[in-house]
Amino acid sequence: ASINYLTTHQLQEQVISETTAKYQAPENCVSLNVPTINTPIWGNISPGIRAQELKILKLLTSGITAFARSVDGVDMMEEQQDALALFCNAQYEISCLRKSSIRPTLNPKFAGLCKASATPSPNLLFGDNLPKQVKDLDDEAKAVGMIKPPS
């Protein structure tokens, strides 16, 4: 199939399932996996967002893995290096968009968890130490509340 066709038509679910099944990220390269949503947050998001999340995870991980397997890591052409860098940056940008789409489901005082710069992790979208981040944001909200003038 041509690139023009593939970018304007959705693949059949069977094709997606068969193709993604062939390209699981190797165990020694955890950063190829798209970070999953931390369990406490996963339990509080809508089923619609959950379904989108699972599809994004599978497609992006499999796509980057397939491309990475198709090139020799030692002798990549410049175009291949550029393509891999762009795919990996797309993964980063999509992770930022995922956080942004989840932000409205969180308590406003924890919106800081959704910042693009907040604790990157190859495994979990909101970082490996969510309880500490939540405590820090809660402490920060309390401190701001104490220094704000009464309304």
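The buried residues of helix H6 are Leu 130, Gln 133, Leu 137 and Asp 138 (buried: under 20% relative accessible area; exposed: over 50%; partly exposed: in between; 1.4 Å probe, protein chains only). Viewed down the axis of H6, these residues fall within an arc of 135°, so they line one face of the helix. The arc is taken over the directions from the helix axis to the C-beta atoms. The face turned away from the buried side carries the exposed residues Pro 131, Lys 135, Met 146 and Ile 147.

The model is predicted: local features need pLDDT of at least 70, side-chain atom pairs count only at pLDDT 80 or more, and totals for chains, interfaces and linings use all residues. Residues are numbered from 1 along each chain as its sequence is written, and side-chain values use heavy atoms, with hydrogens and water left out.

H6 spans residues 130-147 and has 18 residues. Helices (H or I, at least four residues) are DSSP runs, numbered from the N terminus. From first C-alpha to last, H6 reaches 26 Å, close to the 26 Å expected at 1.5 Å a residue; the expected span is 1.5 Å times one less than the number of residues. Helix H3 (39-42) is included in what covers the buried residues of H6.

Gln 133 lies in H6. Its relative accessibility is 13%, so Gln 133 counts as buried. A polar atom of the Gln 133 side chain lies 2.6 Å from the backbone oxygen of Phe 126.

Phe 126 also belongs to the largest nonpolar core, which has 13 residues. A nonpolar core is a set of buried Ala, Val, Leu, Ile, Met, Phe, Trp, Tyr and Cys residues joined through side-chain atoms within 4.5 Å. Among those with the most contacts inside this core are Ile 37, Ile 102, Leu 106 and Leu 113. Another core, of 10 residues, lies apart from it and includes Leu 32, Leu 57, Ile 64 and Val 71. Beyond its neighbours within four places in sequence, Ile 102 is in contact (heavy atoms within 4.5 Å) with Ile 37, Ile 41, Ile 45, Ile 49, Glu 53, Leu 125 and Phe 126.

A search of the whole structure finds 1 aromatic pair. The ring centres of Phe 67 and Phe 87 are 5.4 Å apart and the planes stand at 70°, so the pair is edge-to-face. Rings of Phe, Tyr and Trp (its six-membered ring) pair if their centres lie within 6.5 Å; planes under 30 degrees apart count as stacked, over 60 as edge-to-face and the rest as tilted. The pair links helix H4 (residues 47-70), holding Phe 67, to helix H5 (residues 78-102), holding Phe 87. Phe 67 is buried, at 18% relative accessible area, whereas Phe 87 is partly exposed, at 38%.

Technical notes
Helix = DSSP H or I, 4+ residues; strand = E, 2+ residues; numbered from the N terminus. Polar contact = N/O pair within 3.5 Å; in protein donor to acceptor, adjacent residues only side chain to side chain.
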